[in-house]
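Please open the structure in a viewer and keep the selection tool at hand.

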Amino acid sequence: MQTTQYLAEVVEELTRTVGLISDEEAEKLVNKILESKKIFVAGAGRSGFMGKSFAMRMMHMGIDAYVVGETVTANLEKDDLLIIGSGSGETKTLVSIAEKAKSLGGTVAAVTIFPNSTIGKLADIIIKLPGSPKDQSESEYKTIQPMGSLFEQTMIIFYDALILRFMEKKGLDSTKMYGKHANLE
Ligand SMILES: O=C([C@H](O)CO)[C@H](O)[C@H](O)COP(=O)(O)O
């Protein structure tokens, strides 16, 4: 197959995920983000990259958003929100971070394939996304892509859709948000 045929298949796989995501769950997360003082985003590897992109757009909307593990990340306090993106829901460093956030009185949201995973069970809000975890032997979900690629792509597009929902709720547009874009680059 040529590269663009693979591309078409990837887009097709992503289209199929849309009907498998709950608007009710998404709305819970949107509302929690709007009512929380600080938002923290965590993820490992590629899942972490998607979270970083989400934190950046939240900052463009004027939300106090941080990426866990960065040098300038603030302290999590009671009633702050931690959003963990983890396909497997079992990544050890993220389990510890979720436990710590809970012990500090924070709310934990998990974006995961497996609501019954360790991170899913620790979470107060769960967004179930379709896809296969990186160890594909642990899932029957069909994808032509390796490891967790479909989940990770779905996650970044889901995060971008959440941003659009915020923009609608807060009356924001791209021009207003661009005013907060980094200009030392
Ligand atoms: O980096 C990753 C990867 O290449 C899998 O496709 C994962 O995102 C990383 O290992 C974190 O895993 P999960 O917590 O299961 O998302």
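**First stop: helix H1**

Select residues 3–18, which form helix H1. This helix has 16 residues and reaches 24 Å from its first C-alpha to its last, close to the 22 Å expected at 1.5 Å a residue. The model is a predicted one.

Within H1, now colour Val 10, Glu 13, Leu 14 and Thr 17, which are buried. When H1 is viewed down its axis, the buried residues fall within an arc of 95 degrees, so they line one face of the helix. What do these buried residues pack against? Their partner is helix H6, residues 149–170. Turn to the other side of H1 to find Thr 4, Thr 15 and Val 18, which are exposed.

**Second stop: the aromatic rings**

Three aromatic pairs are found when the whole structure is searched. Select Phe 54 and Tyr 159: their ring centres are 4.2 Å apart and their planes stand at 5 degrees, so this pair is stacked. Phe 54 belongs to helix H3 (residues 45–60) and Tyr 159 to helix H6, so the pair ties together parts that are 105 residues apart in sequence. Are Phe 54 and Tyr 159 buried or exposed? Both are buried.

Phe 158 and Tyr 159 form a tilted aromatic pair, with 6.4 Å from centre to centre and 45 degrees between the planes. Phe 158 has a relative accessible area of 7% and is buried; for Tyr 159, likewise buried, the value is 1%.

Select the ligand and display its surroundings. How many residues surround the ligand? There are 13, and the closest are Ser 47, Ser 86, Ser 88, Thr 91 and Glu 152.

Move to the loop between strand S5 (125–128) and H6, where Pro 130 is found. Pro 130 is buried, with a relative accessible area of 6%. Leaving aside residues up to four places away in sequence, Pro 130 touches Thr 17, Leu 20, Ile 21, Ile 113, Tyr 141, Phe 151 and Thr 154. One of these, Thr 17, was among the buried residues of H1 at the first stop. Select Thr 112 as well: its C-alpha atom and that of Pro 130 are separated by 8.2 Å, while the two residues are 18 residues apart along the chain.

Most residues other than glycine have a negative phi. Against that background, select Asp 79, whose phi is near 75 degrees, a positive value. Asp 79 sits in the loop between strand S2 (64–67) and strand S3 (81–85), and at 46% relative accessibility it counts as partly exposed.

Then select Met 147, in the loop between S5 and H6. The phi of Met 147 is near 45 degrees, again positive in a residue other than glycine. Is Met 147 buried or exposed? Met 147 is exposed, with a relative accessible area of 53%.

How values were computed
Residues numbered from 1 in each chain as written. Predicted model: local features only at pLDDT ≥ 70, side-chain atom pairs only at ≥ 80, totals over all residues. Heavy atoms only, no water. Helix = DSSP H or I, 4+ residues; strand = E, 2+ residues; numbered from the N terminus. Expected span 1.5 Å × (residues − 1). Buried < 20%, exposed > 50% of the residue type's maximum accessible area, 1.4 Å probe, protein only. Arc of directions from axis to C-beta. Contact = heavy atoms within 4.5 Å. Phe/Tyr/Trp six-rings, centres within 6.5 Å; stacked < 30°, edge-to-face > 60°. Near = heavy atom within 4 Å.
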